[in-house]
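Reader: I would like to learn how to read the packing in a model. Where should we begin?

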Amino acid sequence: MTPPAATVAEPLQVPLIPPSEHRWADVIHRLEAGGSMLPDTPENLKQIIGIYKAYAVPMDFYWRDLLYIAEKVFLNPLPAFKYFPSQAYLDRPNSYAGEQSQLRIWRGGEKAHPELLEFMAKGETRAMPKLLHHLWHDRINMEFAEACMQAMLWHQGMGGRFNDYLESEAYRANADRAIKAFFRGNPVMLGLYKLFPEMFMEQVKQMSYYANLGLFWEVMAPVFFEMSDIYDEGGFKGVPDAMDFLVNGIFAVAGRPIYHHVYVGEECIEVIPKTEGFTWLYEAALPYVEAVFYRTAPFRGTKSYNAQAYQVPDNQADFHYGILYADVFPVGSAGIPPTLLMQDMLHFLPPYLEEIYLQYKRGEEDQLIQLGITFQRSMYNVTSAVIQALRCALLYPLDDTDPEHLLANRQFFEAQMDRFVRPEARLGDVQTQDYR
Amino acid sequence: MASSLPLLLLLALPSAAALLIPLLASASPARVRNLAALACAGQFVVGLLCWRLAPAELHLAWLPKLKLSLDLGLDGLSLPLVLLTALVSTMAILSAEADHARPRLFHCLLLATNIGVVGSFLSRNALLFLLAFELVLIPATLLVAIWGGKRKAGAAIRYLVYGSVSGLTLLGGVLALAWCNSNGVSFDYAELAKAQLSPSAQAWILALFLLAFGLKLPIVPLHGWQPFTYAEAPIPAVMLLSGVVSKLGAYGLLRFGVGFLPEVWAAWSPWIAAAGAVSAVYGALNAIAQSDIRRLMAYSSLGHMGLLVLSLAAATPLSLQGAVAQTLAHGMIVALLFACVGLIERKTGSSSIPELSGLLNPLRGLPFTMGMLLLALMAAAGIPGLVGFPAELIVFEGSWVVFPRATLICLISSGFTAVYAIRLFNRVGFGRLDNARADWASTRWSERAPAVVLTVLIVACGIWPQALTGWSERATSSLALRTFALPNPMVASQREGTAAVALATRTLPS
């Protein structure tokens, strides 16, 4: 995909609408000028691109394993080896990268990233049986990916038709077919299914979310790889460029089908067929952003979930535990580990990012925290891309000359920024480079 | 034949370093610090040698007209305290920052404090003891006044005033003890132990000693200087003041009160025990209410001094052993506590409890320092396996038979230690580490070393309590005013629970 040129709008001589009086007016004005919530500084650009690359490598594993679990492990009652995807899934070509892809958007190859394969072979220790790597935690932490899926499953109705479909008769019929096929010749499990059908249905719904997230990340991994490559080639001039690349990418694959297939032997059972018309943007990307970025990030130990102390809101919509709000510091006590994702990203940091971390705070000692904060910055940029994409899809161009249209855009941006008024939001922190 | 050279070495090593350091004009602050620490470490080694090979007492005439002579000696009471002083001095000096301002003067004053304290413990002459005791006041005051915190002037003046009153009353007590002795004027300990004094003279002299040493310990209501001084003094000075200098008060009460004035001590002991119990409760409750770690430690120390006074008041063989054990245990614990506080202050710039939180954070906090602080707090709370447990156990067991009510009160106050320890740790260790503040480097091993040494000793002495009591068993038994045959349960029940307490024949130290 061709990198976009810098798109910072030229300042208007006479503003068509008065300045915003919102608490985050500066950020709103920046968004209206085609910028990101993240200030446009060279270091911010370096940080977010570096972390996208470090994120993309484990993500290349996440999406393959998520699909493996959804399609092959499925309802295995003892999924001890669900984090050991078969070679077929490790070799599974990406649908949007590589020569073989029917819709090639990104320039990368279809295979799993070489750094990922190298890490899977040796880890940080040395080559040894897979199981030992797994038990020693010298591996990709798939638990993170599962926690993201669980966040989507738990919050459910966050736009799109996906969740409604899971309650439909058509879905139940397909799921029933898949369950019976999967447990064919297993009277015990079939008997249990007869006794507790809803429990099995719930498990299938969860598997559908596995597929949903796997298909979402199948797109995002090559996006991030390409951004890293473009940056290495000197292609991005600022944070808005990186955001625009994401916006263009979102539109390029917005219509990608979201489905759930289950493979039992050679048979393929379409639990959610592609013909249902679920799309990547509305049934995967937006619910994912809402669930993980805003409401619940699987950053265990970063926030108290003590319901008895009334620290969990009554209203589900008031949840604000996402990465945009997360206190990246591990708190509570010693022993609470930094998040699993941070550990995963640590394996694949580009050298220029490591250099930055060595210059600040405790250098190598607290890289996990520094990269966690970088990740938070980068996710503010991704969220900006989503906000701009929504504005693009639902409202008016930024260079529109009709004040009423500009006011509509303004109201949209202000409504988005209202979500960052609460004190936990880190929007204010990422405005300064001192937050590390 | 035993030599008295080691006794001279105990004083000569720090003195030589104190004389040499001012001449090292071009030496780096770190080198000055290391030299001072080396002198104190050498003192510790000599002390250990004295334990294995008891040195002969030294008697050198100094000012015969004033009956002042350089009489030095070591017995079961003074040897462990000399070792404690050498140990804490070494660790205090090493706890100083490597690039300390005006390092030569700073370390000379620390060494001078050490010389005063060790000189007091070695003295076998009351006038010499007084001189050494007074010597401590000047360098300690200067340490507070020059290197103290924001309110250093007030703290230094307060310390000076209280210290001067302590010194003056001690002077009065020592002179009265010598002059009122119908056997003739003498300041020699052996003579003072056999002094013939009228009951009223004994009472007045003990009152003076209680005031002098009570101010030094300190004990309620004579503690006015302590929280201010501990809050403002530089950390090495606080380690010395709390870990060593305050022990001069305990030693003085034992040597001069229990040793030289046993009858009146026994008669006043219920009141002394009551003062100990009040101190224990007052210190613990105030510690709970503090919002600054240094002040919390100061009141904690005050409470633990209350236990010490209780055990001295009981004056049974076991309680006096407990007093020595508590002196040693508290010296190590409080030194470790302040060493940890010093590290926290150095890194975070604050000892204010509301300003600190999340220091246990494994990546951006001070987890190692907080671990040692936790261990020190646990030791202070008397958790088994650490040095505080055997010391407090002996204190309580030894005092219970004489003053059950006061002991019970002290037991309860000891429980309060856990309250302020948990409160402190919960607020400072746990919670959210503020990213805006958490911009400090982790502690280096060279910085941690003094606290690590103290930590190891606190664990080791907890596992092997003989290290606390073995030194002084014979000396404290000979000083005991009361003896007890542990009651047979059958007999005890017939006596309706009353403890068999008998004033034993007084035995003076040889």
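Predicted model: local features only at pLDDT ≥ 70, side-chain atom pairs only at ≥ 80, totals over all residues.

Reader: Which residues is Leu310(B) in contact with, leaving aside its neighbours within four places in sequence?

Author: Among them are Ala273(B), Gly276(B) and Ala277(B), as well as Val395(B), Ser399(B), Phe403(B) and Cys410(B).

Reader: How does one check the length of a helix, say α2 (residues 29–52) of chain B?

Author: Compare the expected span with the distance between the ends. At 1.5 Å a residue, the 24 residues of α2(B) should span 34 Å, and the end C-alpha atoms are 35 Å apart, so the two agree.

Reader: Which residues of α2(B) are buried, and what covers them?

Author: The buried residues include Val32(B), Ala36(B), Cys40(B), Phe44(B) and Cys50(B), and also Arg33(B) and Gln43(B). The cover includes α1 (5–20), α3 (78–95) and α4 (103–122) of chain B.

Reader: How many residues of strand β1 (residues 58–63) of chain B are buried?

Author: Zero of its six residues; the strand is hardly covered. What β1(B) does have is a partner: five bridges join it to strand β2 (residues 68–72) of chain B, and the two run antiparallel. Leu60(B) has Leu70(B) as its bridge partner in β2(B).

Reader: And the turn of that hairpin?

Author: Four residues lie between the strands β1(B) and β2(B), and in this hairpin Lys67(B) takes a positive phi near 65 degrees.

Technical notes:
Residues numbered from 1 in each chain as written. Chains lettered and ligands numbered in written order. Expected span 1.5 Å × (residues − 1). Buried ≥ 20, exposed ≤ 12 C-beta atoms within 10 Å, placed from the backbone. Contact = placed C-beta atoms within 7 Å. Pairing = 2+ DSSP bridges.
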